[in-house]
Amino acid sequence: MTMYILWTIILSGIGTLLLRITPFIAIAQLQLSEKVIQWLSFIPITLFAALVVDGLIIQESGHFGFRLNWIYVFAVIPTLLATLISRSLTIAVIIGMVSVACLRLILPL
């Protein structure tokens, strides 16, 4: 590994860290109104939904240009059930990962 690559990795890590920490520091210093706090409460669920939908759809060249990722579609079912029952993001992630792993073993998709 050359020094150029090492410095690129280190500086990229520092940049990523700053981009993730700076908003938290800025928000902690501000007094936000109740409406802003209520609006911000919806952001995690919308980001989560965007990530899930992005994983379910595969872009490819063809008639429609998109197709479903069937392994993820099938894995969403037990993951949603576990999430509704447990109300825990950790359990949802674990069930989702185990579901995808098991489906990749048994389905030839």
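**View 1. Thr79 is a buried residue, with a relative accessible area of 14%.** Buried means under 20% relative accessible area, exposed over 50%, and partly exposed in between (1.4 Å probe, protein chains only). The model is predicted: local features need pLDDT of at least 70, side-chain atom pairs count only at pLDDT 80 or more, and totals for chains, interfaces and linings use all residues. Residues are numbered from 1 along each chain as its sequence is written, and side-chain values use heavy atoms, with hydrogens and water left out. Thr79 belongs to helix α4 (residues 70-86); helices (H or I, at least four residues) and strands (E, at least two) are DSSP runs, numbered from the N terminus. A polar atom of the Thr79 side chain lies 2.7 Å from the backbone oxygen of Ala75. Leaving aside neighbours within four places in sequence, Thr79 is in contact (heavy atoms within 4.5 Å) with Ala92, Ile95, Gly96 and Ser99.

**View 2. Arg87 occupies the loop between α4 and α5 (89-106).** Although Arg87 is not a glycine, it has a positive phi of about 55°. Arg87 counts as exposed because its relative accessibility is 69%.

**View 3. Asn69 is found in the loop between β2 (66-68) and α4.** Asn69 counts as buried, at 17% relative accessibility. Not counting residues up to four places away in sequence, Asn69 touches Gly55, Leu56 and Ile58.

**View 4. Ile14 is one of the residues of a nonpolar surface patch.** The patch also includes Met1, Met3, Tyr4 and Trp7, and its residues have about 1200 Å² of accessible area together. Accessible areas come from the Shrake-Rupley method with a 1.4 Å probe, and for residues only the protein chains shown count as cover. Patches are made of residues with over 30% relative accessible area and no salt bridge; like charges are joined within 9 Å and nonpolar side chains (Val, Leu, Ile, Met, Phe, Trp, Tyr) within 5 Å. A salt bridge is a side-chain nitrogen of Lys or Arg within 4 Å of a carboxyl oxygen of Asp or Glu. Ile14 lies in helix α1 (residues 3-29) and is partly exposed, with a relative accessible area of 44%.

**View 5. Gln38 is found in helix α2 (residues 34-40).** Gln38 counts as partly exposed, at 49% relative accessibility. From C-alpha to C-alpha, Gln38 and Gly15 are 29 Å apart in space, and they are 23 residues apart in sequence.

**View 6. Residues 64-82 and 89-107 are among the spans that an unreviewed UniProt entry gives as "transmembrane region".** Residues 64-82 are 68% helix and 16% strand, with end C-alpha atoms 33 Å apart. Residues 89-107 are 95% helix and 0% strand, and their end C-alpha atoms lie 26 Å apart. UniProt positions follow the numbering used here, feature names are shortened, and annotations may be inferred rather than shown by experiment.

How values were computed:
A polar contact is a pair of N or O atoms within 3.5 Å; within protein, one must be able to donate a hydrogen and the other to accept it, and residues adjacent in sequence count only if both atoms are side-chain atoms.
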